[in-house]
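Dear colleague,

Please find below the structure that I am handing over to you. My notes on the domains and the ligand follow it.

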Amino acid sequence: MNVARNIEGAALASAPEAPSERMRRVAEIAARHADEVDREGRFPAETIAALKREGLLGVAIPTKYGGEGLGTTAVANLIVQLAQACGSSAMIYAMHQIKTSSFVMHGEESQWHRAYMRRIAAEQLLLASATTEAGIGGNLRNSICAVERADGRFSLTKEATVISYGKYADAILATARRAPDAASSDQVMVVIPTDGNLTLERTSVWDTLGMRGTCSDGFHLVATGEADQIFPRPFSEIAAQSMLASSHIYWAATWFGIAADAFNRAQAFVKQAARKQADGGLPPGGLRLAEGAALLQEMKGHLAGAIHRFDAAKGNEDALSSIGFAAEVNALKVAASAKAVAVVQLAMLITGILGYKNGTPFSVGRHLRDVASAPIMISNDRILSNTATLMLMSRFDTSLGE
Ligand SMILES: Cc1cc2nc3c(=O)[nH]c(=O)nc-3n(C[C@H](O)[C@H](O)[C@H](O)COP(=O)(O)OP(=O)(O)OC[C@H]3O[C@@H](n4cnc5c(N)ncnc54)[C@H](O)[C@@H]3O)c2cc1C
């Protein structure tokens with residue numbers, strides 16, 4: 001890893017370079033391989049190796065456990081940077097950061113999880129997620145499978161229909177019912193290191209329209225381990241207080257970055273057309289570009305507002321579990337996923353055949369296919385129906401803040 005230098009040029013070994021500078025180097029590598037990763041539907045191994053090399057997998061772990069203690073805005077900015085280079089790489093990084101946030105917010109009270117946080121930072125471990133289950137779909141707050149505990153150990157079998165980069169992760173965080181006799185919503189989350197007692201038998205292959213590099217195959221998952229690997233807090237609290245918000249924020253950051261890159265390509269196209277135009281008038285795509293800029297601005301404002309609200313609520317369990325907060329982060333997911341698609345579609349209208357074709361400087365086909373996953377990554381209809389229930393119990397907060 002490169003190190004910062006003081007004004008005399010001496011190396012400051014303890015102070016790593018700014019994360020954004022390290023991510024700039026990773027993004028260059030990701031951009032170089034993005035088309036091939038997409039075409040072949042292969043894991044972006046070069047990007048993940050670079051993230052590890054640059055120490056960017058542990059940045060959100062608190063400094064006392066060997067990380068850099070980055071907050072939500074800083075992590076979201078890193079995701080946006082990477083998403084402008086490769087959507088799949090950014091989604092992998094976002095999902096890793098979502099899982100990391102569960103450790104940061106809910107791992108402190110358990111010795112096992114504190115020790116694992118140190119490992120994430122020191123060994124640059126990559127975390128994956130197994131919430132989706134056959135028969136449950138994206139209904140995150142219900143499980144069919146259950147952990148069974150005996151003699152300080154647990155066992156779990158799960159039909160996990162989608163585990164992104166499951167074959168490449170260092171640990172999988174899986175949801176399950178607390179016990180075989182527990183209700184479907186009485187869930188826990190367990191950390192399953194892939195170098196431990198875990199077998200993953202592939203049951204489906206991720207051959208999709210977009211986000212092809214996430215390699216989100218389905219697996220028959222069988223694991224055993226120490227009962228201490230189960231987060232002490234119920235999953236209902238983890239979901240409400242960290243996972244819902246961090247998922248919607250970091251996913252939205254990914255979609256914002258992809259849309260921004262498509263927009264940049266469209267902008268370059270319009271600028272080129274303007275230079276060629278003898279009369280100095282506005283090229284045909286100009287108005288569409290302004291429309292796209294307004295949508296991006298809306299996405300940015302919504303994302304920044306949700307991050308601000310999340311950070312302000314941290315440490316306050318009532319605020320984090322409030323109906324207003326859940327409705328706001330749900331709205332972010334639904335709005336950002338729809339706007340990202342709209343921006344990329346505008347970019348394609350502007351760039352025309354050069355945007356539609358692969359391999360031109362203005363190509364946005366990969367962007368369009370990648371963001372097409374956004375509205376179905378936990379279906380917007382499912383999220384809207386959850387919000388609708390919340391709306392029956394609350395009033396819309398019209399305050400614009402301090
Ligand atoms: C790129 C990508 C990566 C992913 N990675 C992971 C991962 O690593 N781990 C993981 O666990 N999951 C992952 N998922 C899965 C994801 O999180 C959801 O579980 C999945 O998108 C839901 O799939 P589904 O459409 O089959 O399911 P369902 O949730 O069953 O929805 C099916 C359809 O039913 C309708 N529907 C369902 N409920 C309602 C409702 N209440 N109101 C109205 N309509 C409804 C909707 O039209 C919906 O499209 C990933 C998904 C994507 C796109």
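Domain bounds here come from an automatic or database domain assignment. On that basis the protein is divided into domain 1 (15-125), domain 2 (128-229) and domain 3 (235-391). Please note that this is a predicted model, in which local features need pLDDT of at least 70, side-chain atom pairs count only at pLDDT 80 or more, and totals for chains, interfaces and linings use all residues. Residues are numbered from 1 along each chain as its sequence is written.

Between domain 1 and domain 3, the C-alpha centres lie 21 Å apart. Their contact takes 23 residues from domain 1 and 23 residues from domain 3; two residues are in contact if their C-beta atoms, placed from the backbone, lie within 7 Å. On the side of domain 1 that touches domain 3, at least two residues each are supplied by helix H1 (19-40), helix H3 (72-83) and helix H4 (87-106). Helices (H or I, at least four residues) and strands (E, at least two) are DSSP runs, numbered from the N terminus. H4 gives the largest share of this side, 10 residues.

Turning to the ligand, 24 residues surround it, the closest being Thr132, Gly137, Gly138, Ser164 and Ser379; a residue is near a molecule if its C-beta atom, placed from the backbone, lies within 6 Å of it. H4, strand E3 (127-130) and helix H12 (380-391) are the elements that give two or more residues to this shell. Because domain 2 and domain 3 both give residues to the shell, the ligand lies between them.

Yours sincerely
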